[in-house]
Structure formats: structure tokens, C-alpha cells
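This briefing is for a reader meeting the structure for the first time. Please look over the sequence and the model before reading on.

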Amino acid sequence: MSTHTHELIRLTAAEMAAKLCAGEITSVALTQAHLDRIAAVDGGERGINAFLHVATEEALRTAAEVDAIRAGGGAEAEALHPLAGVPIAVKDLIVTEGQPTTAGSKMLDGWMSPYDATVVTKLRAAKLPILGKTNLDEFAMGSSTEHSAYGETRNPWDVTRIPGGSGGGSAAAVAAFEAPLALGTDTGGSIRQPGAMTGTVGGKPTYGAVSRYGAIAMASSLDQIGPVARTTEDAALLHELIAGHDPKDSTSLTGEVPALAEIVRGADVAGLRVGVIKQLQGEGYQEGVLARFHEALDVLRAAGAEIVEVDCPSFDYALGAYYLIMPSEASSNLAKFDGVRYGTRVLPEDGALTIERVMGSTRAAGFGDEVKRRIILGTYALSAGYYDAYYGSAQKVRTLIQQDFDAAFEKADVLISPTSPTVAFPLGENDDDPLAMYLNDVATIPANLAGIPGLSVPGGLSEGLPVGIQFLAPIREDARVYRAGAALEKLLTKDAEPLWAQAPELAETSEAAAHPAGK
Amino acid sequence: MTDTLTDASPLSFEEALEKFDPVLGFEVHVELNTKTKMFSSAPNAFGDEPNTNVNEVCLGLPGTLPVVNGKAVEYAVKLGLALNCEIAEYCRFARKQYFYPDTPKNWQTSQYDEPIAFDGYLDIELDDGEIFRVEIERAHMEEDAGKLTHAGTSGRIQGADYSLVDYNRSGIPLVEIVTKPIVGAGARAPELARAYVSAVRDIVKGLDISDAKMERGNVRCDANVSMMPKGTTTFGTRSETKNVNSLRAVEHAVSFEMRRHAGVLAAGGTIVQETRHWQEGTRTTSSGRPKSDADDYRYFPEPDLVPIVTTAAWVEELRSQLPEPPADRKRRLLAAWGFSEQEFRDVVAAGLLDEIDETVAAGVSPSVARKWWMGEISRLANARDLEPAALGVEPATISALNALIEEGRINDKIARQVLEHVVAGEGTPEEIVTARGLEVVSDDSGALTAAVEKAMAENPDVVEKIAAGKLKAIGALIGPVMKETRGQADAGKVREIVLAKLGIEG
């Protein structure tokens, strides 16, 4: 890999955008640098495996278009989006015309969407070269990206460890400099927890701030698309690009998209009331994680923030409520995958070819264990006679959690917690213990249940692995998490390199060997 | 069915009613005639190439989301108001979940415990004018399923060689109207069934919210029937005969199910709670699938849609737009037109109420309007296998034809020919009469007198009879005169000339 490439891919998206705008680099060179990086580190036995599909031609075509427009100058060049020409990766849960979308499942092996997700339409309109589709736990169900039908993604900080999940592919790609930006989806923490595990920034916007149209639904009332980046400024730029009302999504919010990048650039925490959630610390949290968390509090306090403690007693039931609501909605959303219209169809090995048996054998073969576990759980929870006790009660808990947040935001402008109770765990560690895996989302889930925005920013290292700090704010107050997150980022990098720049150099696993077939 | 008791022969209608009282219940599905579908922008149209009126949303492709069609909500509220229902201030959609290939998401987006309209009633006029009140439990919004065609001998999905799915219908907006149990109809239950469905059809047609063609499935009826022993009040087990798609079939299906239930119950058997299929050929029903009240559709509120909120002001605005209820309108027109009950019923049965009303509004007398629509226009339509209204005859055309007759410029027979030319697209009656020279032969040129003289000369025996005072015999001269004038003679004029020639006082 050339020095030039090495330097290019380590720029932030904002720096890349500035260099593109100034004509110092071309988008083709920038895009090619990332494609080269992907070729170098993503494949092979110990490769990152962040990408399920690499769209070399399409990305270079878009890049060349941007370069041509810029070279042409005039109004058209003026009108280019600030991020035009900066490449991006898209979580493979988000549909893309002309690139396969698998949702990490055998069920959609080879499926091509005939339409673009709204966020993808926005990326195309702004002319960001789409590098490809990133790996995830099947249908976004998991916290480790081990539940992908296409192999696990590895953490660039330690390739024997998980990158978090479900959006481990997007987070690892950004951490490994395979992409400066990526899109993720967050149903219970799938953007923020991988952000924490990989030392990157992950934002979950207010529910409805970004259109869900074209994100393959897991739990409709919890899912939200959001940005993955290395800095809060980059995340803010991407957030601004993808946010806004979409008439195709009835749950999408109307109203102005805040100028988040501007807020990031001027962020400080003087006078900001930062609420520490009593329930999201202590037992179950690793010592090293808590140490970084308390340092973060100290740094914020020193910078003028007022640290207060808030009590959210209903959070004790959040995980339970989440694991009823999420599988209930997922069991319904995944019913459409039956082999009748698209995707995989598996015929029964023997016996009659009735529609029920074809649907049954397709679903038996097409879904992985974690997906089946959640479909069964959700089907049970929605069954007549159990609905009130399970789904009904869980919805009541949800209301209580919203009330806890309402009360907390009376006392604090933003809330803070570790993003995850642990640092990245070794691959395979929680294979036989789904509950232990579920516990990893304990701090991120409440935000989804309440529909509020959250942002995870790097908070330092524990045992050589990244720790994430999460900020939460009231509905529609996404600007507050960016303000607090950016301020902490600034404070922690004042005298040190940013965390993402400290990641160990990756071995080139597959420069000679082309990507495996299908990539 | 191995239980012979469930296969006992149906009783006669009279025997059935001697022993049992029927309880009815109807679920009528109305397809709304919005431009687009319930939750997608794909067109709502009938009869197109399979799988052409579809997009990613109504195909339920991964990642898609529904958006409610506001017009469909408006139509549902109007229908609720016309059914004298309360309108919910707040209601939600729900997912009704079941795996079936005509439903692309494997759930139907419907409403469960929060229907948009509820607690209404409809006063149904029976054939003899008696009014029977049917209570409406609810009217809720939902989406239609696709259409399956099963290849193979069974005609059903079980045992089919293969099945084809057409998703053009998938997602078309429906309103399902559910009655409360209807008790006390007795022997008039089948008649009430027909009259109820007919009344619903008239209402949705009057509101212009549905094409209301039963033969196309725009209005579909599921008829629930149970029988309880006379003198008791506990409902029996019901059967649900699905998709009975003509008024006559509704009447026959209810009648047959009453007889079948009575036969089974009288033989000591039990009725299986199940769906039944209507067999038009034999006018019987056949067993469908077992259906219990415990069918578990795992309903839950549709999380991809926001609740529907109706304001009182909007509902009142829609109420003020409602047309005159069809039953009131019929009573008004019957009185205004002075038709006999039978004549009026025939007009209603022929579906020509609107046409005659419009023709009367164009200045034609009700009886003349009826004569044209029920007579010549229906005949021409029949010959072309069309509905009379589809023939393209405007009320103004009839008004013009009628004026030509009244002015004595054409006679009835010529008028019928002119109508045919109008239907053929040759122009207005006036233009056709002029272009084809069809005007009644006046006697300005003496042509009519000449024709009469010729006929009298050729029929001396007839002339003799007339001269002898048998004036009816003039009729025998009319034919030859008409032949001579190619039908364009005015019979009254011919008579005048003959009498004048013979010196008889008319």
C-alpha cells in the first residue's frame, strides 16, 4: 500500500471533503484508495470481513462523475453536496438497487432489490460513491456480527474479537479505514454498541428523524437508521444528509434538520447538566469500562459541566420489555420471507409439495438459529391468551421508561452512561449463552424503547480495547448528544491522538488473493 | 365428514321454520374505487394484465412501508355515516397474521379492536314495504388480498398442480361491514339477506365510493347462518358461507343453509363451525375449512402506521356531503313518478333508477322515460350484451327524440330507428332525421294523398267496409300506405285523408 493511500484513508470525512473541494485530491483516487484498503485487509482467513459486497465499478463511476463536475466548475460544481465524492459503506440491511441486499441471511442470498432505500436515494443524489454493503448479524439480530450467514466480522483492534453488532461490518469498516463513513441501523444498540467496540462514533437519531423506508424491518417501532464515522463531525455531516421527512415513511418526523456539524464545531459543555443514570453503571460493568466512564465524567466536570445523578427505576425492566416487543414485531416482519415471491426457496426433501411445506422448509433452511429463536419468542408473545401478559405488559414498561426519561430530563440536559458494559469479547465466547449476549445491550436499549436520540463516542481504552461513552437526549434534541459527544471528544483528544488513530496496524491479509467469489 | 348426522338431508324450507328460528349475520366487503391502493401508490384498477398494477409496497418487498390513502379513510367515514355509525375519534390499524400466498406480507393490514365506524344500523325495506332494522356492529378498513388461480382438477390450493398469483388486487382498499346477529327474520330471512346486501350496494353506489359491481367482487358477502329451536334464545353453531357474489345467490345461500342446518339438527346431529362455499350450479353449499372463534391471527397494532385521528368538524363536513339515502330516494321517486309498485320494482331491478331520474330531469315525462329505458334502450343493450347505462344514450337524446315525436315530425317506429342510429354514433336525433330523410311525410307535395289513393284503389273491399261505418278497417290501409312511404307516414294523417275522401266525419 502506498504512503499516499495510507494517508488518504486516515483523513476524516470532513478533511476528505475539504481536499476534494479544494481540488487537492480526486474522488476517483480517494475511492480507489479505499477499494485498495478493502482488498488488502477485508478478505482472507483473518481479514476483517466487513464487506459482503464491494461495488468497485459503481463506486468509481460515481467518483468519476463528481470529479468531472468539479473539473467543469460553474453552478453545477457549486451545487455539489459538501460530502460529494466521499465514499461510504452501507449496512446490508438497507436495500440498494443494482447491489445485492442479503440482510446477512441465506434467505435473501442473491436477491436484488428493485428499489433504493430513501437514505440510499439521498446518498446517490449527494453523489457519495457507495463502496459496498457491510456485514451484520442476520436480519440485525445480534450484538456481535457472529450471526451472519456469511461469516463473522472481526474487530480491527483485535481480530480474535467481535466488532459488536448487529452493525459490526459498518463499524469495523470505518475503524479499519476501509470507509470513512457508513450507514447503520439501531434497534437496540446496533449502531452505538459496535461504535463502542471499535472506537468509532455511532449515532442513533430520534425515532423518525431518518426515514426507515428501505431498511429491512426487524422491530418497526424501534428501528432507526443512523451514521457511523470516526469523528462526531463526520457523524453529524452524515446525519444531516440522511435526516428529514419522507412521505414514504408514515412514522417519519417533519421539521427542520438541525445544523449538527456546526454544533459539533462549536461544542462545549460549560453549564451543561449531564445526568448519570444510576441504573446504568455498577454491577455487570467491567472495571476498566467504569474507569474510563468516570474519567469522562471528571473531564466533563472540569470543563464546566454540572454532573447530576438521575434515577430511572424502570430501566431494570427494559431488557425484559425489549425482548418481548422486539421479537414480537420481528416475528411479524419476517413472515414475508417464505420463498413464494423472492429470495431463497427450499423444497421439502420428500413428501408433497404443498404451499405450507414449501414455506416451512424454506424458513427452516433459510433462517439461522438466532432468527428462529426470536420468531418463536415473538409468535408466542403475540398469541391469543398471552398477548396481554407479554406484549401488553411490555408496552406498559415502555411507557414507564419514557416517563423515567421525562423525569430525568427535568434534571439534566443530556444523560450519560457507558455504551456497553464490556469491551469487545472474544469471538465465540457467547455462542451458547444468548442471555449473556442480550445483556450487552442493557445500556443502549432504553433509548430505542423511548424513541430518543443517542450517540456513542470513544472514551479511551481498557485492556487495549476501546470503551464507548453514550450520550442520550430528549426526542428531537439530537443536537444535544452531538454537542456533548463532540465536547468530550475534543477534551479527550486535546493532548492525545484520537482513539481511532491508535488502532494497531492491520496485517494485509488478502492483497494478492482477490476477494472470495460473491464479493 | 364421517359423521352421517352432519350429512343429514336438508329439510324443506317450511319444515325448517316449523322447528327452528334462523339467526343471520353478514360480513360485507366493499372495494373502494380510490385511484390508488390502500397503502401504496399503485393503481387501483380492474381487469388489467396480472401483476402490472403493483409496486414494491403492495408486493410487500423487504424494507417497504405502508402509507395510508387519505381518500380511503374519507370514504370509510362516509360509509360509516351512511350506515348511521359512530365514527372513532382515534383508531389504529392492526396486523392480522396468517400465512397464505395471496397475502404478500403474510399479514393483512386491517383493523382489530379499533374500527373507524361502529354501532350503526340500516333500515331494510322488504318487498312488501315492511321495514326491518339491521344493527351494524362495525365497519373497518383493510386491504384486499391478491387473486389465486389454481391449476388442476381440484380448483383449490389443496391438490392443485400449481397456483398462480395476481397481486393487482393486493392492497385495494376495503371496508368490511359487520352486522350484529340478526334475530326475528323468520321465513323472511332469505329475502332480508338479499335486501340487506342490495341496500349496502345501493348506499356505496350512491356515495360513489365503490364501483359496486358484485360480479366483479366490488361488493362481496359472507353470510353467517345458525338455527335455534323455536322458542329458545341461545344461538346455534353458525356456518359462514364465503364470497356469495350476487343478490340471488345471497338469498339462495341463506335459504339453503337454513334448510341444511335444520336437517342436521333435526336428525340429532351437530353443526360444524366452518366456512362453506356457495355452489351456483346446484344452489347448495359445500364444506370449506373449519373455523373456530379461537383462530389465532396474533393481531397487534401496526407499528409502521400512525393512528388515524378524525376531528368532529371533518366528520360533520363529510356528513353534510352525504347524498339522500337510497331508501328515502326510492320512496320519493315512487310518489313523484306515479308508477305502479310493480313498474317501480322492475325499474329498480333493472338498475335504471338513475337513468330515468336524469331523463325526467331533462324534461321527459316519467312514463315516457320509463318506456324508453325499459323498452328500446334495454333491448338494444341486451342485443349488444351491455348494461343499458353503458349504451351511451344521454337523457338529452331521449328528450330530443321525444320532442320530435310530439312535434309530429317522426312517429314511434321511426324514433326507434333514430335511436339505433344514435347508438351507432351517427349524431343527434335531429341530425339523423335530416341526414336520412326520416321525417314523417307531410302532405305538402300531395305524396301522402297519392299513397292513400293508391292503397284505396288496390283495396276496394276495405274501402267498402269503411264506407259502411267500420272505421277500424282503416288500419288495413295504413300498412300499404306505410309501405309506399317507407314508414314515414303519420297514421293519424292517413286516417284523416281516408275519412275525408269518403266524406265521413272523423
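The model is predicted. In chain B, helix α2 (residues 70-82) and helix α5 (residues 312-320) have axes that come within 10 Å. Elsewhere in chain B, B:Glu376 lies in helix α9. In chain A, A:Gly165 and A:Ser166 are joined by a cis peptide bond, and both A:Lys127 and A:Phe177 have a positive phi.

**Helix pair in chain B**

- Two packed helices are described by the angle between their axes and the distance between the axes.
- The axes of α2(B) and α5(B) cross at roughly 65°.
- Angles of 65 to 115 degrees count as roughly perpendicular, so α2(B) and α5(B) are roughly perpendicular to each other.
- The crossing of α2(B) past α5(B) is right-handed.
- On the α2(B) side, the residues that meet α5(B) are B:Val73, B:Glu74, B:Val77, B:Lys78 and B:Leu81.
- On the α5(B) side, the residues are B:Trp314, B:Val315, B:Leu318 and B:Arg319.
- Of the residues in this contact between α2(B) and α5(B), six are nonpolar, three are charged and none is polar.

- Helix α9, which holds B:Glu376, spans residues 366-383 of chain B.
- B:Glu376 counts as buried because its relative accessibility is 11%, and buried means under 20%.
- The side chain of B:Glu376 makes a polar contact, at 2.7 Å, with the side chain of B:Arg379.
- With neighbours within four places in sequence left aside, B:Glu376 is in contact with B:Lys371, B:Arg416 and B:Leu419.

**Backbone features in chain A**

- Most residues other than glycine have a negative phi, and most peptide bonds are trans.
- For the cis peptide bond between A:Gly165 and A:Ser166, omega is about 5°.
- A:Ser166 sits in the loop between β3 (130-134) and α7 (168-175) of chain A.
- A:Lys127 is a residue other than glycine, and its phi is near 60°.
- The loop between α6 (118-125) and β3 of chain A contains A:Lys127.
- A:Phe177, also not a glycine, has a phi of about 65°.
- A:Phe177 is placed in the loop between α7 and β4 (181-185) of chain A.
- Because its relative accessibility is 4%, A:Phe177 counts as buried.

Definitions and conventions
Residues numbered from 1 in each chain as written. Chains lettered and ligands numbered in written order. Predicted model: local features only at pLDDT ≥ 70, side-chain atom pairs only at ≥ 80, totals over all residues. Heavy atoms only, no water. Helix = DSSP H or I, 4+ residues; strand = E, 2+ residues; numbered from the N terminus. Buried < 20%, exposed > 50% of the residue type's maximum accessible area, 1.4 Å probe, protein only. Polar contact = N/O pair within 3.5 Å; in protein donor to acceptor, adjacent residues only side chain to side chain. Contact = heavy atoms within 4.5 Å. Axes fitted to C-alpha atoms, helices over the stretch in contact; angles between N-to-C directions. Parallel < 35°, antiparallel > 145°, perpendicular 65-115°, else oblique. Left-handed = near helix turned anticlockwise from the far one by under 90°. Nonpolar A, V, L, I, M, F, W, Y, C, P; charged D, E, K, R; others polar.
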